[in-house]
Amino acid sequence: MSKLSRIIVEDFLKNSRLCIETIVEELRIFQKKNDREIQLLRIKDEKAETVTLNRDHFFLRSSVEYSNPQLTVEEVQGIIAARLLEVCGNYFFDYRIKKADNGDVSAICELLEKPPQGKITPFLLNTDDVEPDRYSMNPLKESIVKSGQSAFPSASVKTERLRIDREFMKKYNGKLISKFEAELVERHLSKCNNSYMNMVDAVKAEHLMILSKSFGIDLSLPILRMPLTVLKKENTGDLLHYIIRNVHKDYDSIEHIYNCMGRSMKNRTTLLTVPHSEKGFGSKRAARGKIYFKDTRLDSVRTVYETTQLYPNAIDPNDVSIAECNDQFIVEGSNLVNYDFQQTPSSPQFVLYSLGSPEDATLWHGIGTFASSQLVKSYVSVRLEPTRNLLGDDFGKYDVTLKMPPQFNLKPESMWVHPIYRNIDASMGCVENLEDLANMGMKLECLLAYEYRRKI
């Protein structure tokens, strides 16, 4: 049994008891949703294998980023938190334990060493429409820009012209990335079939296997890539296509989602799905838009891509990543009302495509400080408003539940950081002693949905 896992488990049981009780109660009332099969990916031996699960499982969503290939301390804390919620939820549901003793702690640690096996199934929802260097922490950043892919969605990025940025390594070695991780990236660049996402998944999967042994916790969780990977595979009558079609059907539909997102229809500049440029651009932050109507019918959507600054890393606030792009075009309203991704590739807003995620519970990372509370407000509002009516009577055939999933959050003040530099975006390879992270504890909180619901 790992010393690290015991430290983490004991702190979690002490400080996150309400979260355990919440997920146990959710399990008590949980019922099989439908017969829909959920297909996830598991990275094994550098290859992606499909894992098919039914809706008997209670799906717990966490995530990692495609905006950097190296594993950060934030990402690993989120994965460990998901495993703790899963194992403790299943354990306390089965044994009805009121207060855990040393024997219970040992049993939980033993379960953590094994892959998930109970009713609760943790998975990683990895957003594949994000820019490949969104937070100025990608060791490939210089070649991402030079290859013209800085404003591409990660799902479209090719690796053939990508190289490790030596100046980045010199500046951030030990703070954002380690030499070991740079070598890991270089090795997988050469055998990822020219796919940036395949490379990132393989790098993180290999490092997670190593960390699993160190922590004594199996950290290899299945992955769901959304939204572009799903849209590419869908037929026009499938779920995400259906959602995009229905939210664009008329003025009232768009206004409803705008209200849920806290946006004003006065300017109509928020695009519910951001059309991709023929040049490959798809950055939501770099895209400017305008929605036009004829009476109540959607007439057209204007999209302009302009070079835009993205975000800095936590070490150097002046080192801001960039999305270089320049293009503009008009998409006819009929192309969205009768949506076909193959004809009009686009990136829908998270609050829309997350309706297609199988999540029965969600785990956020530092909402209020490190992550946007506005996103949670939009997420909550879409589910608590009469969205089923908005999406039409046929929405029921997709076997999607709009029940509000319980919301868990890594407490911002207790998130793992580099022991010296205090940044959450430090890579795991920068932490010399993992016990320093374990001693920071594992503190989760429950977010109350009604506190995040927008007044509409």
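How many nonpolar, polar and charged residues does the lining of the second largest pocket have? I counted by class and found eleven nonpolar, four polar and six charged residues. In this tally Ala, Val, Leu, Ile, Met, Phe, Trp, Tyr, Cys and Pro are nonpolar, Asp, Glu, Lys and Arg are charged, and the others, Gly among them, are polar.

**Basis of the entries**

I worked on a predicted model, in which local features need pLDDT of at least 70, side-chain atom pairs count only at pLDDT 80 or more, and totals for chains, interfaces and linings use all residues. Residues are numbered from 1 along each chain as its sequence is written, and side-chain values use heavy atoms, with hydrogens and water left out.

**Pockets**

I took a pocket to be an open set of points on a 1 Å grid over the protein atoms alone, with protein on both sides within 12 Å along at least five of seven lines; a cavity is a set where a 1.4 Å probe fits but cannot get out, and lining residues have an atom within 4 Å of a point. Grid points are joined across faces, edges and corners, and a volume is the space filled by probe spheres set on the points.

The second largest pocket has a volume of about 590 Å³. Of its 21 lining residues, Arg36, Glu37, Gln39, Leu224 and Val230 are the closest to its centre. I noted that β1, β5 (223-226), α9 (228-233) and α10 (239-247) each supply at least two residues of this lining. Helices (H or I, at least four residues) and strands (E, at least two) are DSSP runs, numbered from the N terminus.

I then turned to the largest pocket, with a volume of about 1,800 Å³. It is lined by 49 residues, and Glu65, Arg134, Tyr135, Ser372 and Leu375 are the closest to its centre. Two or more lining residues come from each of α3, β4, β7 (287-294), β8 (297-312), α13, β11 and α14 (373-384). By class, this lining has 22 nonpolar, 14 polar and 13 charged residues.

**Cavities**

I searched the whole structure and found four cavities of 30 Å³ or more. The largest cavity has a volume of about 140 Å³. Which element gives the most to the lining of the largest cavity? I found that α8 does, with four residues. At least two residues each come from β1 (38-44), β4 (120-127) and α8 (196-215). The lining of the largest cavity divides into seven nonpolar, two polar and three charged residues; Arg42, Asp201 and Lys204 are among the lining residues.

**Salt bridges**

I counted 18 salt bridges in the whole structure, each being a side-chain nitrogen of Lys or Arg within 4 Å of a carboxyl oxygen of Asp or Glu. Side chains of opposite charge can pair when their charged atoms come close.

Asp360 forms a salt bridge with Arg55, with the closest N and O atoms 3.3 Å apart. This pair links distant parts of the chain, 305 residues apart: Asp360 is in the loop between α13 (350-353) and β11 (361-365), and Arg55 is in the loop between β2 (47-53) and β3 (58-62). Are the two partners buried or exposed? Asp360 is buried at 7% relative accessible area, and Arg55 is buried at 2%. Here buried means under 20% relative accessible area, exposed over 50% and partly exposed in between (1.4 Å probe, protein chains only).

Within helix α2 (residues 17-29), Arg28 and Glu25 lie three residues apart, about one turn of the helix. Their side chains meet in a salt bridge at 3.3 Å, N to O. Arg28 is partly exposed, at 43%, as is Glu25, at 39%.

The side chains of Glu131 and Arg134 meet in a salt bridge at 2.6 Å, N to O. Glu131 is buried at 2%, and Arg134 is buried at 18%. I also recorded that Lys141, Lys171, Asp316 and Asp319 are joined into one network by salt bridges that share partners.

**Ser427**

I located Ser427 in the loop between β12 (407-410) and α16 (434-438). Ser427 is buried, with a relative accessible area of 0%. Its side chain is joined to that of Glu181 by a polar contact of 2.5 Å. A polar contact is a pair of N or O atoms within 3.5 Å; within protein, one must be able to donate a hydrogen and the other to accept it, and residues adjacent in sequence count only if both atoms are side-chain atoms.
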